[in-house]
Amino acid sequence: MNSLNASVPFVDLGLPKGCAEHEEILSAISSVLETGQFICGSQTRAFEKKLAAYCGCNHAIGLNSGTDALFFALKIMGIDAGDEVIIPANVFWAVANSVVNCGATPVFADVEPHDMLISARTIAPRITTRTKAIICVHLTGMPCQMDAINEIASPRGIFVIEDAAQALGAVYHGRKAGSLGLIGCFSFHPLKNIGCIGDGGAMVTNNMDIFQRCLQLRNHGLDENASQQVAGYNSRLDEIQAAVLLARLTRIDQIIAAKRKIAAIYKKELSSVCGIVEEGDGRQGVYQLFMVQCKNRDALQKYLSDNGVQTAIHYKRYQHQQKPYRNCDGRHLDVTGILSNTILSLPIRVNMTHKEVMHICRLINLFYG
Ligand SMILES: Cc1ncc(COP(=O)(O)O)c(C=O)c1O
């Protein structure tokens, strides 16, 4: 029986009129309206500076989306037709799409059962003479084992790009996600731990040349003298989104702490009935998502829904099962295949009450009775 009358939503992004954050965002928007500068202004520059410092990188560039960050990262590294890029298959659509949109071929690596992430062990058999890059996706906000991945990539001249879209603030051996490879890519889609009121993304890097080339790509290929260097794109983060992100970035550590607290309850209450990703090995996740591996997943999801708890599956069909990628080799994706039938994302909203979290835990324990 549902002991809590209110249903438990998976997401709840609305900001009621009068609440502190609603007011803060209105004031951020108002200050942009007053300046009259709506793109490439002081808010974007201030956000980029703060983001770079937060990630421990020399440079950050605000972009339209995390998808553009991934696409630009590959473009800047010269990925082209005939090249292969190793990626996981249990991933958001933008990753494989960005590879194909460069003309290159995505090659899927399997993931580790204990953390659902690609690793040096699963990447190694997928490396060929055509491999030019690896995109490490820190799924749910848990960093991949980057030292070992960098160790197999670096002697072969393979570029390591981090998809840190879900991992702003995640820590790996004392360093932040985004600073662990050559280029870090972030999304500020509204569902992320800090999100825009629309679309937004960013790239971070320590490399000055990559930084300058990204600045050109996002603005029609123009350099600082308005001279066109490459055929670029329009992917500027606008000033309103930058102002919102600037305000929200000041709270990122509080948001992460709140989510880690919820995750700790889930781990304690559910570890005997579900598979749960543990930290350790120098990693601290930020729980953009809280994903468990469970038996009878579909029945559990229905049971939770019947009891007013919304859950989600990230992702319902993995990349190698989608129409544009069915020709890619997915035969070796043993663990990925199992995960596609067992993963379930539980609500982990920053404004969740302890009562809601315990209600979900009680239901899941009852289900497995
Ligand atoms: C892992 C991952 N990569 C890339 C993206 C793409 O980001 P965007 O939606 O900002 O284009 C997302 C999510 O939105 C994501 O979760």
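Modeller: A residue is called buried when its relative accessible area is under 20%, exposed when it is over 50%, and partly exposed in between, with a 1.4 Å probe and protein chains only. What we discuss is a predicted model, in which local features need pLDDT of at least 70 and side-chain atom pairs count only at pLDDT 80 or more, while totals for chains, interfaces and linings use all residues. Residues are numbered from 1 along each chain as its sequence is written, and side-chain values use heavy atoms, with hydrogens and water left out.

Biologist: Why does cysteine 274 count as buried?

Modeller: Its relative accessibility is 7%, and the limit for buried is under 20%, so cysteine 274 falls in the buried class.

Biologist: How do you know whether cysteine 274 is bonded or too far from cysteine 294 for a bond?

Modeller: A disulfide is a pair of cysteine sulfur atoms within 2.5 Å. The closest cysteine sulfur to that of cysteine 274 belongs to cysteine 294 and is 5.3 Å away, which is too far for a bond. By this rule the count comes to 0 disulfides. Cysteine 185 is likewise in no disulfide, since the nearest cysteine sulfur, in cysteine 214, lies 8.6 Å away; cysteine 185 is buried, at 1% relative accessible area.

Biologist: What makes phenylalanine 47 and phenylalanine 188 an edge-to-face pair?

Modeller: Rings of Phe, Tyr and Trp (its six-membered ring) pair if their centres lie within 6.5 Å, and planes under 30 degrees apart count as stacked, over 60 as edge-to-face and the rest as tilted. By this rule there are 12 aromatic pairs. In the pair of phenylalanine 47 and phenylalanine 188, the centres are 5.5 Å apart and the planes stand at 80 degrees, which means edge-to-face. This pair links distant parts of the chain, with phenylalanine 47 in helix H2 and phenylalanine 188 in the loop between strand E8 (183-187) and strand E9 (201-205), 141 residues apart. Phenylalanine 47 is buried at 0% relative accessible area, and phenylalanine 188 is buried at 1%.

Biologist: What makes strand E2 largely enclosed by the rest of the structure?

Modeller: In E2 (residues 84-88), 5 of the 5 residues are buried, so the strand is largely enclosed. Glu84, Ile86 and Pro88 point one way, and Val85 and Ile87 the other way.

Biologist: In which sense do E2 and strand E3 pair, and over how many bridges?

Modeller: Two strands pair if DSSP finds at least two bridges between them; E2 and E3 (residues 105-109) pair in the parallel sense over 5 bridges.

How values were computed:
Helices (H or I, at least four residues) and strands (E, at least two) are DSSP runs, numbered from the N terminus.
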